[in-house]
Amino acid sequence: MHLRAVAESEIRDDHTWLAAFMWEAWENRPAECAAGIAVSIDKIWHAVNDLYAAADVLDADTGKLWALPIYGGRPVAHSADADPSNPPLGILEPPGVSQAADFLASVSFDELWNVAGAELVWSGWDEAQVRQEFLDHHKRLQAFYGRAATAGHAVVRAVWA
């Protein structure tokens, strides 16, 4: 899964255009990640979402804010003539980005891990190593969404197969 911050005014609500935009962002991923305008989660984005879902156990008032960093926003529908191999895309508009940033800044990783960690450690894997991987994703998402919210940007999501 690849997330890219971008000014909302620069986004075309067109799947074909957005897929090309995200493909270019993917090709420039190392530079964009270094610049803080992109972040990627390889293969385990669903498990990172499961980690954040533990927020419901910790604080019922969070509602579904925990879903914003991974699955937030609205899907962008394929047009009739779109290449069916294009990835699923979504756009999280600036207010949602701010909510995601606020959630990530206020949630305790340690508390989330205490609730969900046992379910996230894969059989045969070292718990400390897995915990560190999730902590690294959490820190990158905190920084990414914080910067995007400060800039007033939207976040575009692509899930590459």
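**Aromatic pairs and a ring cluster**

At 1% relative accessibility, Phe134 counts as buried. The model is predicted. It contains nine aromatic pairs. Phe134 belongs to an aromatic cluster together with Phe109, Trp113, Trp122 and Trp125.

**The pair within helix H7**
- Phe109 and Trp113 are both in helix H7, which covers residues 109-120.
- Four residues separate Phe109 from Trp113, about one turn of the helix.
- Phe109 has a relative accessible area of 7%, so Phe109 is buried.
- Trp113 is buried as well, with a relative accessible area of 5%.

**The pair between loop and helix H8**
- The ring centres of Trp122 and Phe134 are 5.9 Å apart.
- Their planes meet at 35°, so this pair counts as tilted.
- Trp122 sits in the loop between H7 and helix H8, while Phe134 sits in helix H8 (127-151), so the pair ties together parts 12 residues apart in sequence.
- Is Trp122 buried or partly exposed? Its relative accessible area is 28%, so Trp122 is partly exposed.
- Phe134, in contrast, is buried at 1% relative accessibility.

**Stacking among the nine pairs**
- The structure's aromatic pairs number nine; one of them, Phe109 with Trp113, is stacked, because the ring centres are 6.0 Å apart and the planes lie at 20°.
- A plane angle under 30 degrees counts as stacked.

**A charge over a ring**
- Arg29 lies over the face of Trp26.
- The distance from Arg29 to the ring centre of Trp26 is 4.0 Å.

Terms used. Residues numbered from 1 in each chain as written. Predicted model: local features only at pLDDT ≥ 70, side-chain atom pairs only at ≥ 80, totals over all residues. Heavy atoms only, no water. Phe/Tyr/Trp six-rings, centres within 6.5 Å; stacked < 30°, edge-to-face > 60°. Helix = DSSP H or I, 4+ residues; strand = E, 2+ residues; numbered from the N terminus. Buried < 20%, exposed > 50% of the residue type's maximum accessible area, 1.4 Å probe, protein only. Lys NZ or Arg CZ within 6 Å of the ring centre and 35° of its normal.
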